[in-house]
Amino acid sequence: MVRKLNTVVLGAIFTIVAFAVLWPVVHMVSAALAPGQSIANLPVVPFANGVTTQHFEFVFTQTPYLRWFRNTLVIAVCTSVGTMLFASMGAYVFSRYQFSFKRHILMTFLILNIFPAFVGMVAVYVVLLRIGGLDTLWGMVLIYLAGNMPFATWMVKSYLDQIPKSLDEAARIDGASGFRIYAQIIVPVARPILTFLAVTAFTAPWMDFILPKLVLRSPENQTLALGLFSFVTDKNNFFTNFAAGSLVVAVPFMIFFVATQKSLIASLAGGAVKG
Amino acid sequence: MSATLTQRDLPLGDTDVTGTGRCRTVLVLACAFMGLAHLTVLRQWVKGATFALVEILLLTWLPLIVKNLRGLVTLGEQQLDVPVRFRQNSLFMLVDGVMTITVLLLFAAIYYISVRSALAAERSWSTHGVRPREESLPRTFLGKAFPIVGLTPTVVLVAFFVVVPLVFAALVAFTNYSAPQHIPPANTIDWVGLENFRRLFGGSSAWTGALGRVFAWTLVWAVLATVTCYFGGMLMAVLVQESKFKITPLLRAVFILPYAIPGVVSMLFWNGMLNGAFGTVNRTLQSIGLIDGTIPWLSDPWLAKFTVVTINLWAGFPYFMLLIIGTMTAIPADIIEAAQIDGASKWQVFRRVTLPLVMYQTAPLMIISFAHNLNNFGAIFFLTGGGPAVADTTTTGAGGTDIMVSWIYKLTITLLQYGNASVLAIVIFVLLAPVAIFNFRRTKSYKEGEL
C-alpha cells in the first residue's frame, strides 16, 4: 500500500517537473515554426497556427547569422585550444619546478579566480584600443584566454600534483628535456582534465554577452549572443526569428549534453569537488 | 671560503679573485647592471646578453615611462582651446600609467631573478670548482628555462588583461570619471579622493538608498538562487536514483534540458513568455480561465523578484541534480549495504548515510555557486533587464531586480557613470573576499603547506 502510494506520488512529481521543463521548450520550438513576428501572435497551444520554415530562411538569408556563427566558432575554438596549451604548460611548471615568485603568482591566480573579468571592462576596452585589438576576433580571444588562465592553471596543477612525480623524474634522470617531459608524459597523463577544460572553454563564448558587446562593434564581427539579442531588443521585436536562431544553437548543445550526460556527471563530480 | 676552494679556482685563470671576493664582485656587478655579472665574471654570454638587452630596452623607454607616470599623477590638463582630438586624454593616461607600473614591476621581478641566477651560478662554481657551462640556446629554452617559456604567455596575459583592468577599476573609484562633465577626450578626469565613496555611503540619499537596496537584494538573491537550486537538484537527484520506472533514464535526459540550453537563449525566451500583456504565460492562464486580467510577472518589483528566483530554479536545478547523482553513484555500495544489514530503513539510510556524505562532498560547491550567483549577470539582465523601475531609478539607474553586477553594467555601458560603478566594483571585491579566502584554504596546496 505504502509502496503503491509512493509510486503514485513519485509519478506525479515527475510528471509535474517534466511538464514544467518541457512546456517552454516545446513553446520555443513552436515559436520558431509559427507564422507571424511578435510574441503577441503566438498561439497558446503550441503549433496551433500551423507550421512554417520562413523564419529559418529569413535568419539564414536576410541576417548575418552564419557570419555570427562562424565568428563564435572561431573564438570558441581558439580559446579552447589556447586555454589547453597555456594551462597545461603553466600547470606543469607550477607542479614540477621551484622558482622565484612561484608562491606569489599562485596566490594571485587563486584570488583572481573569484573576480568576474568584466569589472575592469573599461580598461580592457582601452588596452585593446592601444594594441589595435578592438572590434577583432583575436582581441576577444585574448580576453577570454586571460580570463580563463587563473582557474584553468589551478585546475590542471591540482590534477598534476596528484600524479606521482617519479613518473617524470625517471625521464629527467634519463636526460629528457623539460619540454619533452611536458609533451610526452605530462600532456597524455592530463588528458581527462584538459578535455574537461577544452569543453568548458569552448561552450562559454557561445553565450557570453558583456565582453563581446564591449569589444565587437561592427555587425559583421559580432557573435551569436549579440546577434540573437538584437532580434528582441526594444527597437526590434522579431520574437519568432529569435526563436528560430536560438534553436539552431540550442539543439547541438542539447544533443551534446544529453549524449554525454554519463561522462558529464563524472567530470562534474570529479572536477568540481577536487577544485 | 676555504683555502682549498681558492686553490681549485686557480687553474681557471682568476688568480686575483678569491671565492669570497668573487661572490661579492658577482653581487655588485649583478646589481649594477642586469646581466653584467653573467657577461664578465661568469662568462655566460647568451644569458647575460639577454638580461642586458632587457635593461637596455627599459632604459631606452625611460622617457616614455617617466611621461606615463607623470600622466598617471596629473591625468592631463584641461585644454579648452585645443581641438577635441588633440586634447590630452585622461583615460589613456590612466591606463598607460597602470600598464607602466605593471611593466616596471615585471622588470623588477626579472632583475631579481637575474641577480639570483648570477649568485646561483657563482655558488655552483665555488662548490664544484668548475665554471658553469652554458648550454646551447634551444637546449636552454626547452630544458632548464622551460618554466620561463611555459609561464610567460600566462603571466603576460593575466597581467595585462586581468590585473591591469582590475587595478584600473579600483583607481577609477577615486576619480570623477562620469557623464556628462568628465568624459574624455572632450574633458579631462581628475582625482577626487573619496568623493564617490561619500556619495554612495551616506552623501546622497538616492544613491545611498539604491546601494543599500541593491546590496541587500544581491545577497538575498544569491542565497535564494543557490539554496533553491541546490535542494531542488538534490530532490530530483534522489528521486531519479530511487525510482524504478522504466522511463527514468529518459526522464533524466529531459530534466537536464534547461542546463543544456544556453542561458541567454532561455532567459530571453522566458522574458517574452512572461510579458504582461502579450506573454504566452498570461494568455495561457487566461484561456484556461484561471485569471481575468494579467499578472505583472516582470513589472511588479516584488513579483519580479519572485519570478527571477523561480526561473533561475528552472534553469539551475539540473546542474546540481547531475552533480549530486555523480556524488551518489560514487558512494561505495558496501557502506549502504552495511547500514541495511544493521536494519536501517530506506529513509534512515538516506538520512544518516547518503545525505551526510553528499552534503560533505558538495557543500563547498554551494559556496562557489553562491559566489557565482552574486555575479550572475545573465539570470537577471536577460530576464528582467534589471527592471522594473522603482523610485530612485531615474537618478541611479538601479531597477527593482538589479543586482550589483547588472547595476555596474548599466552604470558603465548606458549611463557612463564610471566613478560610481568602480565604487560598486570595490564593494563586490569586499563581498567576495571571504569566498576567496574560503577557496584558498580549501586547496590541497594550502593544506600541505605549499602556499
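Trainee: Where is B:Gln44 found?
Mentor: B:Gln44 is found in the loop between α3 (36-39) and α4 (45-60) of chain B. The helices come from DSSP runs (H or I, at least four residues; strands are E, at least two), numbered from the N terminus.

Trainee: Before I go on, what am I looking at?
Mentor: This is a predicted model, where local features need pLDDT of at least 70, side-chain atom pairs count only at pLDDT 80 or more, and totals for chains, interfaces and linings use all residues. Residues are numbered from 1 along each chain as its sequence is written, chains are lettered from A and ligands numbered from 1 in the order in which they are written, and side-chain values use heavy atoms, with hydrogens and water left out.

Trainee: Back to B:Gln44, then. Buried or exposed?
Mentor: B:Gln44 counts as buried, because its relative accessibility is 7%. Buried means under 20% relative accessible area, exposed means over 50%, and partly exposed is in between (1.4 Å probe, protein chains only).

Trainee: Which residues is B:Gln44 in contact with, leaving aside its neighbours within four places in sequence?
Mentor: B:His38, B:Ala121, B:Pro132 and B:Glu134. Contact means heavy atoms within 4.5 Å.

Trainee: New topic: how many residues of chain B are in contact with chain A?
Mentor: On the chain B side, 95 residues touch 97 residues of chain A. The two chains bury about 8700 Å² between them, and 84% of that is on carbon and sulfur atoms. Buried area here is the accessible area (1.4 Å probe) that two parts lose on being put together, summed over both.

Trainee: How many salt bridges cross that interface?
Mentor: The rule finds one across the interface of chain B and chain A. A salt bridge is a side-chain nitrogen of Lys or Arg within 4 Å of a carboxyl oxygen of Asp or Glu. Here B:Asp96 pairs with A:Arg130, with the closest N and O atoms 2.6 Å apart.

Trainee: Which helices does that pair join?
Mentor: The pair crosses between chains, from A:Arg130 in helix α5 (residues 121-130) of chain A to B:Asp96 in helix α6 (residues 90-128) of chain B. A:Arg130 is partly exposed, at 40% relative accessible area, whereas B:Asp96 is buried, at 12%.

Trainee: Why would two side chains like that pair up?
Mentor: Side chains of opposite charge can pair when their charged atoms come close.

Trainee: And how many polar contacts go across?
Mentor: Three residue pairs are in polar contact across the interface of chain B and chain A, both residues at pLDDT 80 or more. Helix α8 (residues 146-172) of chain B gives the most to the side of chain B that touches chain A, with 19 residues. By class, that side of chain B has 70 nonpolar, 18 polar and seven charged residues. As for the terms, a polar contact is a pair of N or O atoms within 3.5 Å; within protein, one must be able to donate a hydrogen and the other to accept it, and residues adjacent in sequence count only if both atoms are side-chain atoms. Ala, Val, Leu, Ile, Met, Phe, Trp, Tyr, Cys and Pro count as nonpolar, Asp, Glu, Lys and Arg as charged, and the others, Gly among them, as polar.

Trainee: How many salt bridges does the structure hold over all chains?
Mentor: Eight. One of the salt bridges joins A:Asp161 and A:Lys157, at 2.7 Å from N to O. Both residues lie in helix α6 (residues 137-161) of chain A, four residues apart, about one turn of the helix. A:Asp161 is partly exposed at 23%, while A:Lys157 is buried at 1%.

Trainee: What about B:Glu122 and B:Arg22?
Mentor: Their side chains meet in a salt bridge too, 3.4 Å from N to O. B:Glu122 lies in helix α6 of chain B and B:Arg22 in helix α2 (residues 19-32) of chain B, so the pair ties together parts that are 100 residues apart in sequence. B:Glu122 is buried, with a relative accessible area of 3%, and B:Arg22 is buried as well, at 1%.

Trainee: Where does UniProt place the "transmembrane region" feature on chain A?
Mentor: The unreviewed UniProt entry places it at residues 73-94, 106-131, 137-160, 181-207 and 238-259 of chain A. UniProt positions are in the numbering used here, feature names are shortened, and annotations may be inferred rather than shown by experiment. Residues 137-160 of chain A are 100% helix and 0% strand, with end C-alpha atoms 32 Å apart.
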